[in-house]
Amino acid sequence: MTEILFGSAVGGAFAALFLGCLVLAALYDLTSYTIPNYVSVLLLAGFLLLGALYGMSFGTFASHLSAGIALLAVGWIMFACGIVGGGDAKLMAAIGLWTGWPMMAAYVFAFSLAGGVLVLLLLLFRWAPVPDRFLRIAWVAGLHDKNNGVPYGLALAAGAVAIMPRLSIFAIP
C-alpha cells in the first residue's frame, strides 16, 4: 500500500518534506540546542496539504490531529518539568500528526530507545578527552560541556525515521 504514495512524484515530495524536516530539526538541535519553529510549522502544513490533496477522511484526520494534540500535551508537561525544550515539544507534536494513533506506541518506543542511546553516547563523549582544536568549534564544545542538556530532537527525529516506512499516512490511496 505504501507504494501508492511513495511511488508517485507528489508522494515522494511529501516523504522528502517529512524526512528533510526531521534532518533539519536534528542538525539544529545538535549544533544549537534549539529547533526553529518553522520546522514544526512545515511539518504541520505538509500534513494538512497531504490530507487535503489525497482526500483524507474526517475520521482519519481527527485521529491524526488528536494524536498530535496528545503529544503536544505530553511535550508541554515535559517542558514544564524541564525534561525537554520547547522546540522538542513542538516537534514531537508535529511528528504525532504524521504518525497518528496507529503508530504512536511504535514512535514513542523508537524515540525512547534512540534517546537512551543518545544519552549513553553523550555521556561517553563528555567523559572522554577531546583535543582542543575540536573544542574550538562552538557546537562541539557545547556537546562536550557536562552542564548542558541533551539535544533530544535527535532522538525524536531518529524515532520518526525508524517508523517512517510503516506510517499509514504514506499509504493513502
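Among contacts in the chain between residues at least 6 apart in sequence, 74% join residues that are at least 24 apart. The model described here is a predicted one.

## Overall form

The secondary structure of the chain consists of 9 helices and 0 strands. Followed along the sequence, these elements give the pattern α-α-α-α-α-α-α-α-α. The C-alpha atoms fill a box of roughly 55 × 35 × 25 Å along the principal axes. For a chain of 173 residues, a compact globule would have a radius of gyration near 16 Å, and the value of 17 Å found for this chain therefore agrees with that expectation.

How much of the chain counts as buried? Of its 173 residues, 40% fall into that class. The chain exposes about 8800 Å² of surface, and carbon and sulfur atoms supply 76% of that area.

## The largest pocket

The largest pocket holds about 180 Å³ of space. Which elements give two or more residues to its lining? They are α3 (37–53), α4 (58–80) and α5 (86–99). The lining is made up of N37, S40, V41, L44, L65, G68, I69, L72, K90, A93, A94 and L97. Sorted by class, these lining residues comprise 8 nonpolar, 3 polar and 1 charged.

One of the lining residues, K90, belongs to helix α5. Is K90 buried or partly exposed? Its relative accessible area is 34%, a value between the limits of 20% and 50%, so K90 is described as partly exposed. When neighbours within four places in sequence are left aside, K90 is in contact with N37 and S40, and both of these residues also line the largest pocket. K90 and N37 are 53 residues apart along the chain, yet their C-alpha atoms are separated by 7.8 Å.

## Helix α9 and its surroundings

Helix α9 covers residues 153–163 and contains the buried residues G153, A155, L156, A157, G159, A160 and I163. Against which helices do these buried residues pack? The partners are α2, α5 and α6 (104–127).

Not counting residues up to four places away in sequence, A114 touches A155 and A158. A155 is among the buried residues of α9.

Y33 counts as partly exposed because its relative accessibility is 28%. What is the phi of Y33? The angle is near 60°, a positive value in a residue other than glycine. Most residues other than glycine have a negative phi.

## Separation in sequence and in space

The table sets out pairs of residues by their separation along the chain and by the distance between their C-alpha atoms.

| Pair | Separation in sequence | C-alpha distance |
|---|---|---|
| K90 and N37 | 53 residues | 7.8 Å |
| A114 and F47 | 67 residues | 24 Å |
| A80 and A155 | 75 residues | 19 Å |
| V74 and Y54 | 20 residues | 29 Å |

The pair V74 and Y54 is 20 residues apart in sequence and 29 Å apart in space. The pair K90 and N37, in turn, is 53 residues apart along the chain and is separated by 7.8 Å.

Note on methods. Residues are numbered from 1 along each chain as its sequence is written. This is a predicted model: local features need pLDDT of at least 70, side-chain atom pairs count only at pLDDT 80 or more; totals for chains, interfaces and linings use all residues. Side-chain values use heavy atoms; hydrogens and water are left out. On a 1 Å grid over the protein atoms alone, a cavity is a set of points where a 1.4 Å probe fits but cannot get out, and a pocket is an open set with protein on both sides within 12 Å along at least five of seven lines; lining residues have an atom within 4 Å of a point. Grid points are joined across faces, edges and corners, and a volume is the space filled by probe spheres set on the points. Helices (H or I, at least four residues) and strands (E, at least two) are DSSP runs, numbered from the N terminus. Ala, Val, Leu, Ile, Met, Phe, Trp, Tyr, Cys and Pro count as nonpolar, Asp, Glu, Lys and Arg as charged, and the others, Gly among them, as polar. The radius of gyration is taken over C-alpha atoms; the globule rule is 2.2 Å times the number of residues to the power 0.38. Buried means under 20% relative accessible area, exposed over 50%, partly exposed in between (1.4 Å probe, protein chains only). Contact means heavy atoms within 4.5 Å. Accessible areas come from the Shrake-Rupley method with a 1.4 Å probe; for residues, only the protein chains shown count as cover.
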